[in-house]
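Dear colleague,

Please find below the structure for your review. My findings follow directly after it.

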Amino acid sequence: MTFRQLECFVEAGKYMNFTRAAEKLLIPQPAVSKNISALEKELQIKLFSRDKNHSLQFTREGSLYYQLFSQFYIDFKSLNERTRYFLPPLKIGYQIGWDFSSFIPNIIKSCRMDNPMFSVTIENYDANELTSKLTDQSLDAILVIDSYPYDDSLISSEVITQIQQCIIYSDNLYPAPKSAIRSAQDLIMYPIYLLDDDNLFEAKENITRFCESYHFMPTIIPAPNSETIIANIDNGLGIGFYDELSRYINNSRIRSLPIDRFHKVSLRWLNKHKSKSLDLFKRNLIEQIHL
């Protein structure tokens with residue numbers, strides 16, 4: 001018994017007409033007759049008979065089998081339609097402290113408009129952990145600052161946008177600024193707290209060059225995590241360099257000063273990872289960011 005045989009039988013029974021069934025299935029009418037004959041032979045019964053006017057009708061057995069097969073046919077088509085759109089769940093990671101809520105929900109919505117079966121989970125890790133999570137396949141893709149090192153023999157990387165950097169500080173700065181803060185020059189004399197991670201050396205070099213443009217050599221203090229940086233800034237012990245995606249910028253106790261520096265943000269995934277879910281997410285991510 002084949003699905004084509006069941007399909008021909010159900011469609012012929014629906015219309016009580018072999019020609020209409022053939023038109024519906026886009027096959028020749030003799031193919032419908034052949035498949036139904038094969039099904040009758042396998043079941044060892046007649047499914048159809050013709051009355052005195054030569055109109056098609058079910059036999060008693062045919063009527064019972066039609067009830068059984070027609071429900072199966074409906075359920076099978078429904079399941080087949082759902083599995084045709086099936087996508088494996090996607091796991092995306094990005095750095096603790098980033099806030100993507102202004103556009104990630106719209107990206108998910110767009111993905112689900114393209115494919116209702118799309119699903120995604122978001123996980124946050126320290127910058128150092130993201131690449132290792134990607135490498136061991138705990139994550140399908142990560143969003144990171146493009147300057148973070150990675151092994152291009154294992155990982156693909158694509159720049160998707162750039163984000164503006166800010167200096168963050170609090171009103172508790174000591175000693176207090178002598179005048180209203182209008183530019184980076186008013187802040188860079190304070191200690192600068194940086195995250196002590198794989199990107200520390202490059203970050204120190206970049207900030208040193210930035211401060212040298214104001215003829216000033218900065219005092220840089222490495223910190224083990226972002227919470228330590230924010231605690232020191234909140235207590236007026238120094239300043240930090242963050243970007244516009246940072247949720248710390250929306251802290252009511254923290255002030256921010258945008259500066260003329262930008263970070264590139266990249267989406268990264270394993271070279272060997274082939275995923276329709278990731279392709280769909282990447283396409284909608286790029287479209288949303290460039291709206």
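In what follows, a residue is called buried when its relative accessible area is under 20%, exposed when that area is over 50%, and partly exposed in between. By that rule His-215, at 76% relative accessibility, counts as exposed. Please note that the model is a predicted one.

His-215 belongs to the loop between helix 7 (200-212) and strand 8 (220-223). Most residues other than glycine have a negative phi, and most peptide bonds are trans. Another positive value is found at Met-16, a residue other than glycine whose phi is near 50°. Met-16 is located in the loop between helix 1 (3-15) and helix 2, and it is partly exposed, with a relative accessible area of 28%. A cis peptide bond links Tyr-174 to Pro-175, with omega near -5°. Pro-175 itself sits in the loop between strand 6 and strand 7 (192-195).

Helix 2

At the start of helix 2, the backbone nitrogen of Thr-19 has a side-chain oxygen of Asn-17 within 2.8 Å. Within the helix, which spans residues 18-25, the residues Phe-18, Ala-21, Ala-22 and Leu-25 are buried. These residues lie on the same side of helix 2 because they cover an arc of only 100° around the axis. Just after the helix, Leu-26 adopts a positive phi of about 60°.

Strand pairing

Strand 6 (residues 155-170) runs antiparallel to strand 10 (residues 254-270), and 14 bridges join the two.

In soluble globular proteins, nonpolar side chains tend to be buried together. Here, the largest nonpolar core comprises 28 residues, of which Trp-98, Phe-100, Phe-118, Leu-143, Phe-281 and Leu-285 touch the most other members. At least two residues of this core come from each of strand 3 (90-95), helix 5 (104-114), strand 5 (141-145), strand 6, strand 10 and helix 9 (276-289). Apart from this core lies another, of 20 residues, including Cys-8, Leu-25, Leu-43 and Tyr-73. Which residues does Phe-281 touch, not counting those up to four places away in sequence? They are Leu-90, Ile-92, Ile-104, Ile-107, Cys-111 and Phe-118.

Cysteines

With a disulfide taken as a pair of cysteine sulfur atoms within 2.5 Å, the count comes to zero. Cys-166 is in no disulfide, because the nearest cysteine sulfur, that of Cys-211, is 15 Å away. Cys-166 is buried, with a relative accessible area of 5%. Cys-8 is likewise buried, at a relative accessible area of 0%.

Finally, Asn-232 is part of helix 8 (residues 226-234). Its relative accessibility is 15%, so Asn-232 counts as buried. Leaving aside neighbours within four places in sequence, Asn-232 is in contact with Tyr-193, Leu-237 and Gly-238.

With kind regards

Note on methods: Residues are numbered from 1 along each chain as its sequence is written. This is a predicted model: local features need pLDDT of at least 70, side-chain atom pairs count only at pLDDT 80 or more; totals for chains, interfaces and linings use all residues. Side-chain values use heavy atoms; hydrogens and water are left out. Two strands pair if DSSP finds at least two bridges between them. Helices (H or I, at least four residues) and strands (E, at least two) are DSSP runs, numbered from the N terminus. Buried means under 20% relative accessible area, exposed over 50%, partly exposed in between (1.4 Å probe, protein chains only). The arc is that of the directions from the helix axis to the C-beta atoms. A polar contact is a pair of N or O atoms within 3.5 Å; within protein, one must be able to donate a hydrogen and the other to accept it, and residues adjacent in sequence count only if both atoms are side-chain atoms. A nonpolar core is a set of buried Ala, Val, Leu, Ile, Met, Phe, Trp, Tyr and Cys residues joined through side-chain atoms within 4.5 Å. Contact means heavy atoms within 4.5 Å.
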